[in-house]
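User: I have a structure open here and would like to go through its fold with you. Could we take it piece by piece?
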Amino acid sequence: MENEKEQPGELTPEEQREVLEAAMQAGHILLENGAEIFRVEETMDRICCHYGIRSGNSFVLSNGIFTTSGNEREEIFAKVQHIPVSGTHLDRVAAVNQLSREIETGLLSPGDVRHRLDQIRVMPGKPKTMQILASGVGSACFCYLFGGTLRDSLSAFGSGILLYVYVIFLSSPHLSKIVGNIGGGALVTFLCTVLYLLRLGENLNFMIIGSIMPLIPGVAFTNAIRDIADGDYISGSVRMIDALLVFFCIAMGVGLVFSLFHRLTGGVLL
């Protein structure tokens, strides 16, 4: 039997506002944590339609959400939220997707949805030790995948671990995105070069490439392409520029260290 609140015009103004706030909050969490534009819009529309709001309209950009509603039977509502471009937390995206499926079963009230969204917003990320270990393992695997030897992979493993120690404890909390990525690229290049000169690795290029991979914004770059393919050209372009800026900063850090070694050694060692 269809839920009575799904019939348009039966929500009170307070309930309508609560539904729209819940939809806005769900969109905010999705966009903030790396979801595609079409996923954000679709989730917000599903929440509004399920609870009987037919006049809701949402316009989503890569760093902002505009939501309006209102007609002769529904309360006028308008709200704008600015959402800075940030990292990716796919566990929160998956949690909101699961919540949207549960909403469609008709077992959750708007208040329940707001409570669940508050829980998802503060959902803890992966432990720092796990992130550091994953960076090391990922660096070693990529190094071996690109053609490095086992010695190269072991060196990349150590570089990847030290890289993410830098990212978690220095870059993310204290440095800007540009400076942090330049420093990350420089740190990886310096570590790999020292290990190579100590004969702990055999192929410097594979060591550096593998160790740098944890810094690459692969999800952001992929989502930028998907947004452009879906016709969201503004959001896709912003995300693409953001990803390309990261690539440029990493390359700048690598180049700075190579230039420094070349100047200090006269090109003898490298």
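User: How many residues lie between E1 and E2 in their hairpin?
Analyst: Two residues lie between E1 and E2 in that hairpin. Please bear in mind that this is a predicted model.

User: And how many bridges join E1 to E2?
Analyst: Five bridges join E1 to E2, and the two strands run antiparallel. One of the pairs involves Leu61, whose bridge partner in E2 is Gly64.

User: What about E2 and E3, in which sense do they pair?
Analyst: E2, which covers residues 64-69, pairs with E3 in the antiparallel sense, over six bridges. Within that region, Ser69 stands opposite Phe77 of E3.

User: In what order do the strands sit in the sheet?
Analyst: The order is E1-E2-E3, in an open sheet of three strands with antiparallel pairing. The edges are formed by E1 (57-61) and E3 (77-82), each of which pairs on one side only. On average, neighbouring strands in this sheet are turned by 5° against each other, with direction ignored.

User: Which strands does H1 touch?
Analyst: Helix H1, residues 13-32, packs on the sheet and touches E1, E2 and E3. The direction of H1 makes about 20° with that of E3.

User: Changing topic to the helices: at what angle do H1 and H3 pack?
Analyst: H1 and H3 (residues 90-104) pack at an angle of about 150°, and their axes are 8 Å apart. Angles over 145 degrees count as roughly antiparallel, and H1 and H3 are therefore roughly antiparallel to each other.

User: Is their crossing left-handed or right-handed?
Analyst: The crossing of H1 and H3 is left-handed.

User: Which residues meet there?
Analyst: From H1, the residues are Ala26, Ile29 and Leu30. They meet Arg92, Val93, Val96 and Asn97 of H3.

User: How many of the residues in that contact are nonpolar, polar and charged?
Analyst: The contact of H1 with H3 comprises five nonpolar residues, one polar and one charged.

Notes:
Residues are numbered from 1 along each chain as its sequence is written. This is a predicted model: local features need pLDDT of at least 70, side-chain atom pairs count only at pLDDT 80 or more; totals for chains, interfaces and linings use all residues. Side-chain values use heavy atoms; hydrogens and water are left out. Two strands pair if DSSP finds at least two bridges between them. Helices (H or I, at least four residues) and strands (E, at least two) are DSSP runs, numbered from the N terminus. Axes are lines fitted to C-alpha atoms, for helices over the stretch in contact, and angles run from 0 to 180 degrees between N-to-C directions. Contact means heavy atoms within 4.5 Å. Angles under 35 degrees count as roughly parallel, over 145 as roughly antiparallel, 65 to 115 as roughly perpendicular and the rest as oblique. A crossing is left-handed if the near helix is turned anticlockwise from the far one by less than a right angle, and right-handed if clockwise. Ala, Val, Leu, Ile, Met, Phe, Trp, Tyr, Cys and Pro count as nonpolar, Asp, Glu, Lys and Arg as charged, and the others, Gly among them, as polar.
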